[in-house]
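Please look at the sequence and the three-dimensional structure shown below before reading on.

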Amino acid sequence: TSSAEVKENRNIGNLEDHPISSNERARGVTPSSKRKRPLEEGNNGHFCKLQLIWKKVSWSVTPKNALVQLHELKPGLQYKMVSQTGPVHAPVFAVAVEVNGLTFEGTGPTKKKAKMRAAELALKSFVQFPNACQAHFAMGNCINPSTDFTSDQADFPDTLFKEFEPSTHSEDFSVYNPVNNELLSTAYRHGRLLCHTLDLMGHGKQNKHKMASKAESEKNPVVLLNELRSGLRYVCLSETVEKQHIKSFVMAVRVDGRTFEGSGRSKKLAKGQAAQAALQALFNIRLPSHIPSRSKCHHLPQDFADSVYQMVAQKFQELTDNFTSMHARHKTLAGIVMTKGLDIRQAQVIVLSSGTKCINGEYINDQGLAVNDCHAEIVARRAFVHFLYSQLELHLSKRREDWERSIFVRLKEGGYRLRENILFHLYVSTSPCGDARLNSPYEITTDLNSSKHIVRKYRGHLRTKIESGEGTIPVRCHNAAQTWDGVLLGEQLITMSCTDKIARWNILGLQGALLSSFIEPMYLHSIIVGSLYHTGHLSRVMSHRIEDVGQLPASYRRNQLLLSGVSHADARQPGKSPSFSVNWIVGNMDLEVINATTGKRTCGSPSRLCKHMFFTRWAKLHGKLSTRIPSHGDMPSVYSEAKLVAQTYQSVKQQLFKAFQKAGLGTWVKKPPEQDQFLLTV
């Protein structure tokens with residue numbers, strides 16, 4: 001078919017029969033041979049008419065939101081208010097709707113948005129849209145954006161029109177007369193035409209149309225994103241020179257209030273990566289030529305991440321009497337959720353914590369009775385270690401129902417490992433302190449170029465927390481050891497940032513040195529960040545900084561975290577941070593409150609998360625397991641010696657510290673050794 005004929009067919013007026021000139025009649029041109037298109041054969045030309053009607057319908061339908069779309073397909077639906085959770089300043093509404101016998105529940109900061117979300121979920125369950133435009137506007141999702149259901153070059157299958165055939169088959173197809181649009185619009189309104197759109201992709205003939213579709217499917221992600229959200233602005237966050245003078249660029253773009261970042265050898269490639277990240281996160285579009293591999297894409301499904309956040313928030317609300325308790329006040333909230341696979345129905349919150357401060361140097365304890373770091377993420381990790389001790393003790397119970405409930409299974413060669421398919425997800429309400437927070441979205445809302453100064457000298461650098469304050473500074477000293485007398489005489493007690501500690505967990509695991517003598521390393525599966533979330537930078541500081549750590553022993557790995565923000569984060573709480581930290585562990589009824597300045601409970605007694613408590617529990621387990629684990633000798637009586645029992649753990653830790661130094665990221669600063677040289681007292 002010539003291009004002129006294709007253009008001619010786009011005009012509805014061309015359906016009318018035109019008289020044939022005498023010159024054409026002399027050349028033997030007849031009305032039936034005017035257009036020799038395969039689709040018209042056997043249909044007396046009416047197939048082309050239907051195609052043009054279809055084109056007219058599909059292009060004339062204006063995009064509608066999910067509520068309108070669902071109402072047209074299923075009129076008379078009833079939306080029910082299910083619940084209202086969250087604090088007064090940031091409520092979370094849940095609205096449900098029943099469609100086709102199934103209930104779909106949506107959540108949001110307002111009833112309207114929750115209702116819209118429920119409609120989106122219902123639409124996703126049974127509707128396919130005739131074009132990408134409608135899908136994007138209706139529910140923020142789409143099928144293959146390159147598919148053009150209105151192309152004149154597409155060979156439409158007969159199955160598309162079977163829904164519109166009368167019960168008694170008509171030979172002259174009179175029912176398809178263009179003036180009879182009622183049947184077509186009715187079928188469209190009831191979703192029949194929508195349900196057949198997928199058939200169009202699978203039955204087309206493999207001809208030039210295939211080449212055209214392939215060309216469209218390889219559309220640049222920047223172009224496609226601009227079609228969906230015009231007027232976007234890309235800004236270069238950094239321009240670095242790596243080995244052998246190879247340049248690397250990092251570009252960022254802000255879409256719908258979220259920031260997406262990409263990196264590449266050129267600004268064009270970096271922009272493409274940023275655009276692809278936005279397309280995938282906001283519209284679930286993955287262009288075939290830009291589908292990232294597992295090693296490059298580490299994003300958690302958004303619905304799952306939002307569910308984890310809601311579970312943590314609801315549990316904290318429950319523990320603080322609907323946020324009325326004085327200990328509900330917090331700047332940072334963290335929690336760890338345990339799941340079987342990514343099945344949120346079997347998810348369980350196992351620990352909760354809050355806090356933003358560290359112990360004052362004058363309160364450092366040489367008996368292991370104080371918690372040094374009361375930042376929420378770190379307290380959550382210590383609470384998780386407490387949980388692991390409980391699970392090991394459960395496994396050693398003589399009651400069958402107890403050890404069957406344990407998350408551990410015994411290894412033939414001795415020791416224990418986690419049961420298959422059990423995953424742990426860390427939620428933290430704000431980006432971890434340290435390098436991960438430096439390139440947060442709020443820094444590029446006004447002028448992205450202004451953040452260039454951050455990425456020069458100290459990008460990815462190890463950082464330390466400020467004693468009795470908030471924020472972090474780059475590691476400045478070359479001596480990795482602090483001295484006991486120096487701290488007591490007034491030197492600031494140095495504590496590594498949360499970002500750096502999480503990066504350490506990605507190599508060593510969450511279990512710590514003591515438990516490493518009993519169990520295999522245990523890693524987080526994902527991190528969900530509530531606010532100040534910067535996708536690309538968080539991935540770099542958590543994983544990419546430790547890419548050159550080298551070959552690791554068996555059971556250790558360079559953990560690749562899945563990362564995600566949340567759709568509706570809690571509002572930032574103004575004012576001064578509280579001087580306390582709270583923690584809760586599954587199986588315990590109440591919150592424990594720690595004075596962050598002293599590292600002890602408000603009553604002055606040691607916390608259940610302090611080193612001395614863990615050492616006591618470890619000693620009891622060591623006595624029970626020494627006969628089961630051949631490598632265990634006599635039980636050490638000094639805490640620092642007990643940590644050295646796990647020799648592999650200690651060697652991997654040194655390997656990690658050397659990798660940081662080799663990469664020019666600084667030296668890991670250790671606490672004074674005297675704080676670990678205490679005896680076990682029962």
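Predicted model: local features only at pLDDT ≥ 70, side-chain atom pairs only at ≥ 80, totals over all residues.

## The chain as a whole

The chain holds 23 helices and 21 strands, and of its 682 residues 52% are buried. When contacts between residues at least 6 apart in sequence are considered, 66% of them join residues that are at least 24 apart.

## Helix H23 and its surroundings

Helix H23 covers residues 647-662, which makes 16 residues. From its first C-alpha to its last it reaches 23 Å, close to the 22 Å expected at 1.5 Å a residue. After the helix comes Gly664, which has a positive phi near 75°.

Which residues of H23 are buried? They are Tyr649, Gln650, Val652, Lys653, Leu656, Phe657, Ala659 and Phe660. In an α-helix there are 3.6 residues a turn, so residues three or four places apart point the same way.

## Where H14 meets H18

On the side of H14 the contact is made by Glu377, Ile378 and Arg381, while H18 contributes Cys498, Lys501 and Trp505.

## Aromatic pairs

How many aromatic pairs are counted in the model? The count comes to twelve. In one of them, Phe384 and Phe424, the ring centres are 4.9 Å apart and the planes stand at 75°, and because an angle over 60 degrees is needed for this class, the pair is edge-to-face. This pair links distant parts of the chain, since Phe384 belongs to helix H14 (residues 376-395) and Phe424 to strand S13 (residues 422-430), 40 residues apart. Phe384 is buried, with a relative accessible area of 0%, and Phe424 is counted as buried as well, at 1%.

Why is the pair of Phe660 and Trp668 called stacked? Their ring centres lie 6.2 Å apart and their planes meet at 20°, which is under the limit of 30 degrees, so the pair is stacked. Phe660 is buried at a relative accessible area of 1%, and Trp668 is buried at 6%. Elsewhere, ring pairs join Phe518, Phe615, Trp618, Tyr639 and Phe678 into a cluster.

## Charges over rings

A ring may also have a charged group over its face, and two such places can be found in the model: the charged end of Lys115 sits over the ring of Tyr79, 4.8 Å from the centre of that ring, and Lys271 lies over the face of Tyr234, at 4.9 Å from the ring centre.

## Thr430 in strand S13

Strand S13, which holds Phe424, also contains Thr430. Is Thr430 buried or exposed? Its relative accessibility is 10%, and because buried means under 20%, Thr430 counts as buried. Leaving aside residues up to four places away in sequence, Thr430 touches Thr332, Arg437, Val529, Gly530, Ser531 and Leu532.

Conventions: Residues numbered from 1 in each chain as written. Heavy atoms only, no water. Phe/Tyr/Trp six-rings, centres within 6.5 Å; stacked < 30°, edge-to-face > 60°. Helix = DSSP H or I, 4+ residues; strand = E, 2+ residues; numbered from the N terminus. Buried < 20%, exposed > 50% of the residue type's maximum accessible area, 1.4 Å probe, protein only. Lys NZ or Arg CZ within 6 Å of the ring centre and 35° of its normal. Expected span 1.5 Å × (residues − 1). Contact = heavy atoms within 4.5 Å.
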